[in-house]
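Biologist: I am new to this structure and would like a close look at a single part. Please take me through it in short steps.

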Amino acid sequence: MQGGPGSRIVALVQVLDNIFWNALTGPQAKFASGAGGARRFARGFSPIVGFRDAQQPDFDALAPYCEPGEHFYCADWTGPPPAGWTVEAEATMYQMVWDAPVPDAVHDPRIERLQPGHAPLAAELAALTQPGPFGPRTPELGEYFGVFEDGRLIAMCGERVQAAGVREVSGVCTHPQAQGRGLARLLVNHVVRRQMARGEQSFLHVMRSNNGAHGLYARMGFRIHRECPVRVVAPSSSMG
C-alpha cells in the first residue's frame, strides 16, 4: 500500500535535511565527482560539497578531488577542521519550502529562458550581486530565466540542486540599477509555478543575515523548514 500525504512529507523532509548529498548522489550524480561518503559538484558548477554524514564530513574522501585555491560551501557541519583544510567563513542560512497555492500565471513578455550562450552574462550578474555559490556552468543544472534590458541581463532566477521530489529555486539576483521593480518576485513565481506543474516541492536557501530576501520569500509563500550552519572551506596549499 502506498503511503498517504503524511508519508510523502516525511520523505521530503529526509531528502531536504541532507539535500546536497542526496542531489550529488542522486539525480545530479552526473555533475558530481568524489568517492565514499563525499561528493562535490564538478569544476565549473557551483562550488558545493555534500557528505553522507553531514555532521561528520569525510574530508579524506573528498581531498583527492580538490585542488589548492578552490573554495567550497559546506552545510550542517560545525566541528573543527581536519588537517589540510581551513574554514574561511561561517554563518547560518534558512532552508525555506514553498507552502502556498500555485502562483498566479503571469504572461510577461520580459521573461526569457536563458540559453547556453547567455552563460557569460549570467556569471557576470552573479559575480556582481553574489546570490550564493555560482559557477559558469551552474545554469546547466536546471531551467534559468532572466529579464534583459538594452541587451543586458538585469535579473535572473533558476534551479540548482534537485533530489527526489524536491527542486531548489536559486540564483535569484537583480542588478543594483534594476532593484525595486519586483523582478525577483516575478521570476521566482515563474520558476515555482513550473516546478509545481511538474509535481515538485519548491525550496530555497537564504542567508539568515539577508533580512530583505528572507522577508520577501516569506511574503511570497515560503516558510522556514530549518536553520543550518554553512561554511566556506578550502584545502590548504600543502594538500597532495
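Which residues form one aromatic cluster? Start there, and then show me what lies around that part.

Modeller: A word on the source first: this is a predicted model. The aromatic cluster is formed by Phe51, Phe59, Trp77 and Trp85.

Take Phe59 and Trp85 together. Their rings make an aromatic pair, with 4.8 Å from centre to centre. The planes stand at 50 degrees to each other, and the pair is tilted. Phe59 belongs to helix α3, residues 59-62, and Trp85 to strand β5, residues 85-98, so the pair ties together parts that are 26 residues apart in sequence. Are these two residues buried or exposed? Phe59 has a relative accessibility of 4%, so it counts as buried. Trp85 has a relative accessible area of 8%; being under 20%, it is buried too.

Now look at the next residue of the helix. Asp60 is also found in α3. Asp60 has a relative accessible area of 66%, which is over 50%, so Asp60 is exposed. Buried Phe59 and exposed Asp60 thus follow one another in the chain. For a landmark, take Ala35. The C-alpha atoms of Asp60 and Ala35 are 9.8 Å apart, while 25 residues separate the two along the chain.

A charge joins the picture here. The charged end of Arg231 sits over the ring of Trp77. The distance to the centre of that ring is 4.4 Å.

The structure holds eight aromatic pairs. One of them joins Phe31 and Phe45. Their ring centres are 5.1 Å apart and their planes meet at 55 degrees, so this pair is tilted. It links distant parts of the chain, 14 residues apart. Phe31 is in the loop between α2 (19-24) and β1 (32-35). Phe45 is in the loop between β2 (38-41) and β3 (49-51). Phe31 is buried, with a relative accessible area of 14%. Phe45 is buried as well, at 6%.

The largest cavity holds about 100 Å³ of space. Its lining has 15 residues, and those nearest its centre are Asn18, Phe20, Val49, Ala75 and Asp76. Which elements supply at least two residues each to this lining? They are α2, β3, β4, β5 and β11. β3 gives the most, with three residues. By class, nine lining residues are nonpolar, four are polar and two are charged.

Now the open space. The largest pocket has a volume of about 1000 Å³. It is lined by 44 residues, and the closest to its centre are Gln130, Pro131, Gly132, Val172 and Asn210. Two or more lining residues come from each of β4 (72-75), α4 (119-129), β9 (166-174), α5 (183-197), β10 (201-207) and α6 (211-220). The largest share, seven residues, comes from β9. By class, the lining has 28 nonpolar, 12 polar and four charged residues.

Just after α6, Gly221 takes a positive phi of about 140 degrees.

His175 lies in the loop between β9 and α5. His175 is buried, with a relative accessible area of 12%. Beyond its neighbours within four places in sequence, His175 is in contact with Leu125, Leu128, Thr129, Arg152 and Ile154.

How values were computed. Residues are numbered from 1 along each chain as its sequence is written. This is a predicted model: local features need pLDDT of at least 70, side-chain atom pairs count only at pLDDT 80 or more; totals for chains, interfaces and linings use all residues. Side-chain values use heavy atoms; hydrogens and water are left out. On a 1 Å grid over the protein atoms alone, a cavity is a set of points where a 1.4 Å probe fits but cannot get out, and a pocket is an open set with protein on both sides within 12 Å along at least five of seven lines; lining residues have an atom within 4 Å of a point. Grid points are joined across faces, edges and corners, and a volume is the space filled by probe spheres set on the points. Helices (H or I, at least four residues) and strands (E, at least two) are DSSP runs, numbered from the N terminus. Ala, Val, Leu, Ile, Met, Phe, Trp, Tyr, Cys and Pro count as nonpolar, Asp, Glu, Lys and Arg as charged, and the others, Gly among them, as polar. Rings of Phe, Tyr and Trp (its six-membered ring) pair if their centres lie within 6.5 Å; planes under 30 degrees apart count as stacked, over 60 as edge-to-face and the rest as tilted. Buried means under 20% relative accessible area, exposed over 50%, partly exposed in between (1.4 Å probe, protein chains only). A charge sits over a ring if NZ of Lys or CZ of Arg is within 6 Å of the ring centre and within 35 degrees of the ring normal. Contact means heavy atoms within 4.5 Å.
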